[in-house]
Amino acid sequence: MEEIWVFIEQDDGVIEESSLEVLSKAWELADKGGYGVSAILMGSGLADKARDVGRYGAHKVYYIDDANLRSYSSELYPMVMEWLIKKYDPNTVLFSATRNGRDLAGRIAVKFKSGLLAHVIELGFDENGDLVGKVPGFGGNIAAVVKCVDSRPQLATVTPGVFEAKDVGAEAELKVVTPDMELKPRNIRIVSKERGEYLDISKSERVVVAGMGTGGKLDMVRELAKLLNADIGVTRPLADIGVAPRDIQIGSTGVTLKSKLAFILGASGAPHFTSGIKDCGVVITVNKDPEAPIKDYSDYLVVGDIFEVIPRLIKLLRGEEIA
Ligand SMILES: Cc1cc2nc3c(=O)[nH]c(=O)nc-3n(C[C@H](O)[C@H](O)[C@H](O)COP(=O)(O)OP(=O)(O)OC[C@H]3O[C@@H](n4cnc5c(N)ncnc54)[C@H](O)[C@@H]3O)c2cc1C
């Protein structure tokens, strides 16, 4: 039986949730297309976790145990993955489009000269068994349908948050595999490892999102977020210019929100951005342009200058009088 593989990312034993989203999607696809699903987990001392992972939608879990695989390595992980693919010949390999998932998928695509559907927001197989994905394209103005033709293994990275991780109770067979190679880093040495302050806003109940209309002045945005008991997100240009970390960028190349309330300040509503807010509950936007495309994604649109509207709203929320 042909197999769909899903790379399960972990760091120090902590499984990356979006990998499980991809695994559950693979399980759904396999059910329709008659494929087997295997999860690929590399790490150290994680055999029990490997069994748990399988519950999200795998027939098999290939687990590679080695102390040098405790955390992602651009050197060792691609080597092991290449070896596994050559040995077991999967039809398709899927990755979550996290930083590490993108790094690994790109390297595998080069090694096998395979097609890679990058950052897909939808996924399926056509009648020829070619992997088909949807990717926001041309500056985000269209959702392009892309596919891997005459390419094996077929590869795709999946935008985190677009599918749901479901414990389907699958009883996966655990296959502990030992690659016949020396797993010693040659070119990369970890000098020190520090974790920055990271917030997973894909699960936040309320988010205040700053767009370029804020001019990158996030103090006011932070103040509003604090009063609403909300987290902060940004559009990509603000992450590009470095006023906020990439981790809180929303959209097709960032996080997909599922919040009950999204407050969007000075964002135009480009498709690359709106794909990240389509699953939100109530969307309230403030924009000085009444025709900005964001209006089509908003439950409430306040037409006005953020620098006038937001300070007034902040005063109201603080219980202060407004003129
Ligand atoms: C391959 C690719 C991937 C991309 N991925 C992403 C992604 O993941 N996320 C993302 O966000 N973008 C992404 N983009 C970029 C995206 O296409 C848009 O360029 C971006 O979303 C625009 O950001 P913005 O709305 O903040 O800025 P702008 O488009 O410049 O909009 C600013 C808005 O603010 C309003 N405004 C300005 N001043 C005020 C004021 N004082 N008061 C009220 N309103 C005001 C304006 O009317 C305007 O509507 C991607 C692009 C490409 C090509």
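Which backbone nitrogen does the side chain of Glu75 reach at 2.8 Å? The answer is the backbone nitrogen of Arg186.

Before I go on, a word on the model, everyone: this is a predicted one, where local features need pLDDT of at least 70, side-chain atom pairs count only at pLDDT 80 or more, and totals for chains, interfaces and linings use all residues. Residues are numbered from 1 along each chain as its sequence is written, and side-chain values use heavy atoms, with hydrogens and water left out.

Back to Glu75, then. You'll find Glu75 in the loop between β5 (60-65) and α3 (76-88); helices here are DSSP runs of H or I with at least four residues, strands are runs of E with at least two, and both are numbered from the N terminus. Glu75 is buried and has no salt bridge. Buried means under 20% relative accessible area, exposed over 50%, and partly exposed in between, with a 1.4 Å probe and protein chains only. A salt bridge is a side-chain nitrogen of Lys or Arg within 4 Å of a carboxyl oxygen of Asp or Glu. The nearest side chain of opposite charge, Arg186, is 5.1 Å from Glu75; for charge, Lys and Arg count as positive, Asp and Glu as negative, and His and the chain ends are not counted. A polar atom of the Glu75 side chain also lies 2.8 Å from the backbone nitrogen of Asn187. Leaving aside neighbours within four places in sequence, Glu75 is in contact (heavy atoms within 4.5 Å) with Pro185, Arg186, Asn187 and Ile188.

So where do we see salt bridges? The count comes to 23. In one of them, Lys32 meets Glu28 at 3.6 Å, N to O. These two are four residues apart in helix α1 (residues 17-33), so about one helical turn separates them. Lys32 is exposed at 65% relative accessibility, while Glu28 is partly exposed at 31%.

Arg107 is partly exposed at 37%, and Asp103 is partly exposed at 22%.

Last one, friends: Glu182 and Lys184 form a salt bridge at 3.7 Å, N to O. Glu182 is partly exposed, with a relative accessible area of 48%, and Lys184 is partly exposed, also with 48%.

Definitions and conventions
A polar contact is a pair of N or O atoms within 3.5 Å; within protein, one must be able to donate a hydrogen and the other to accept it, and residues adjacent in sequence count only if both atoms are side-chain atoms.
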